[in-house]
Amino acid sequence: MKSNWCNKKWPANLLLAAGAMWGGAAHAVNDLAGGPSVRQLNLPVGVTKIAEEQHFLHTVMLVLCTVIFIAVFAVMFYSIWKHRKSVGHKAANFHESVVVEVLWTIVPFIIVILMALPATKVLVAQKDTTNADLTIKTTGYQWKWGYDYIKGEGEGLAFISTLDSSHRALSDAGAKGDVPDDYLLKVDNPMVVPVDTKVRIITTANDVIHAFAVPQLGVKQDAIPGFVRDTWFRAEKVGDYYGQCQELCGKEHAYMPIHVKVVSKGDYTAWVDAKRKEAAAKQDDPNKVWTLPEILARGEKVYAANCAACHQANGKGAGPIKPLDGSAIVVDADHNKQIHIVLNGANNGAMPAWKQLSDTDIAAVVSFTKNSWSNKTGQLVQPAEVLAQRGK
């Protein structure tokens with residue numbers, strides 16, 4: 001009976017396996033230029049000298065260690081097999097050999113030195129951030145990146161880079177259907193830098209430890225709250241290069257991608273000009289009086305771009321992140337309490353400060369939370385109220 005049952009189930013199992021393979025094929029992705037490759041086993045060669053050196057060192061060390069492993073175990077297994085007791089060999093009785101002692105001390109020492117010299121050279125080069133043409137401060141937030149261009153062309157530009165909302169929606173739906181090659185790596189505002197330019201990256205964090213890492217550029221640097229660290233790269237090829245936070249920084253860790261866009265120097269200058277005009281356009285007159293429908297439409301966009309990742313689209317929050325729906329502070333008629341929290345943060349950085357947003361954007365998002373979900377307060381916050389709270 002058992003054999004017959006197995007025979008009857010065998011075709012069904014084959015169909016299930018075929019279905020699983022077919023389902024996997026439907027979700028297959030291709031290699032992503034500047035990002036991960038399908039079945040990638042090695043480091044990428046990269047587009048910087050440092051990345052190339054890292055790849056070379058990794059390959060050489062791996063080959064060297066493999067050769068040593070094979071040689072040592074080959075000698076060991078040969079000795080065990082050739083001199084086994086069953087063919088008449090007897091264990092020799094001898095004391096230490098000075099020659100052997102010297103050899104197995106000196107040879108490994110020489111190997112370690114030969115490995116350390118090139119590795120040290122690359123390690124020192126990785127930390128040489130002097131004479132940078134462009135300096136960008138990268139701040140890790142749960143769960144997004146903030147970029148501040150603090151020296152060089154583009155000085156003064158600042159923006160937040162967040163996972164593209166369409167990819168988050170795709171993930172929430174179970175990543176069904178056609179999955180793009182840059183799945184969970186697409187952002188709304190990539191870091192843009194010019195080609196053949198030494199870019200210094202200063203890292204820090206606003207809440208927990210993050211790590212800024214882009215394999216193709218050969219950079220990985222921890223971003224630690226209260227500390228400033230730096231690294232650098234010089235991309236030799238125009239293109240899009242992707243990375244992710246490489247420290248486990250909370251439940252949204254998988255949704256914290258990095259996109260570095262390397263462009264020609266002419267295109268970079270054009271991008272800087274466009275960004276400056278965009279920033280100027282966002283500097284709305286804080287004395288403008290808005291109607292509730294106008295400011296709610298704007299607030300919805302600001303909330304989706306900056307707040308929904310933590311507080312969720314439904315305003316319910318999650319875990320230690322407090323809900324906005326039904327919050328006493330949000331529904332309070334005293335607008336200053338909520339404005340102060342949005343401007344300056346709260347709970348020792350658990351709620352980040354959002355001073356980089358304009359007065360109008362903050363007024364819009366506060367108004368949006370006061371009138372969304374079950375918070376039907378009808379309250380309207382004007383930009384002038386936010387301006388009055390700055391610096392307090």
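**Exercise 1. Charges over rings**

Find the ring over which the charged end of arginine 168 sits in this predicted model, and do likewise for arginine 84.

Solution. Start with arginine 168: its charged end sits over the ring of tyrosine 255, at 4.1 Å from the ring centre. Turn next to arginine 84, whose charged end sits over the ring of tryptophan 81, 3.8 Å from the centre. The distance cut-off for such a contact is 6 Å from the ring centre.

**Exercise 2. Aromatic pairs**

Classify the ring pair of tryptophan 145 and phenylalanine 212, then the pair of tyrosine 147 and phenylalanine 159.

Solution. The search of the whole structure gives 12 aromatic pairs.

Step 1. For tryptophan 145 and phenylalanine 212, the ring centres are 5.6 Å apart and the planes stand at 85°, so this pair is edge-to-face. Planes over 60 degrees apart fall in that class.

Step 2. Tryptophan 145 belongs to strand S2 (residues 144-151) and phenylalanine 212 to strand S6 (residues 210-214), so the pair ties together parts 67 residues apart in sequence. Tryptophan 145 is buried at 0% relative accessibility, and phenylalanine 212 is buried at 0% as well.

Step 3. The rings of tyrosine 147 and phenylalanine 159 have centres 5.8 Å apart and planes at 75°, so this pair too is edge-to-face. It links distant parts of the chain, with tyrosine 147 in strand S2 and phenylalanine 159 in strand S3, 12 residues apart. Tyrosine 147 is buried with a relative accessible area of 0%; phenylalanine 159 is buried with 11%.

Step 4. Tyr147 and Phe159 also belong to a cluster linked by ring pairs, together with Tyr149, Tyr268 and Trp271.

**Exercise 3. The largest pocket**

Describe the volume and lining of the largest pocket.

Solution. The volume is about 1300 Å³. The lining has 47 residues, and Ile160, Asp188, Ala305, Asn306 and Leu357 are the closest to the pocket centre. Elements that each supply at least two lining residues include strand S3 (158-161), helix H4 (165-172) and helix H5 (265-282). Helix H6 gives the most, with eight residues. By class, the lining holds 21 nonpolar, 10 polar and 16 charged residues.

**Exercise 4. The second largest pocket**

Describe the second largest pocket in the same terms.

Solution. Its volume is about 760 Å³. It is lined by 32 residues, with His311, Ile321, Lys322, Leu324 and Met351 nearest its centre. H6, H7, helix H8 (328-331), helix H9 (335-344) and H10 each contribute at least two lining residues. The lining divides into 21 nonpolar, seven polar and four charged residues.

**Exercise 5. Tyrosine 78**

Solution. Tyrosine 78 lies in helix H2 (residues 49-82). Tyrosine 78 counts as exposed because its relative accessibility is 51%, and the cut-off is over 50%.

Methods:
Residues numbered from 1 in each chain as written. Predicted model: local features only at pLDDT ≥ 70, side-chain atom pairs only at ≥ 80, totals over all residues. Heavy atoms only, no water. Helix = DSSP H or I, 4+ residues; strand = E, 2+ residues; numbered from the N terminus. Buried < 20%, exposed > 50% of the residue type's maximum accessible area, 1.4 Å probe, protein only. 1 Å grid on protein atoms, 1.4 Å probe; cavity = no way out; pocket = protein on both sides within 12 Å on 5 of 7 lines; lining within 4 Å. Points joined across faces, edges and corners; volume = space filled by probe spheres on them. Nonpolar A, V, L, I, M, F, W, Y, C, P; charged D, E, K, R; others polar. Phe/Tyr/Trp six-rings, centres within 6.5 Å; stacked < 30°, edge-to-face > 60°. Lys NZ or Arg CZ within 6 Å of the ring centre and 35° of its normal.
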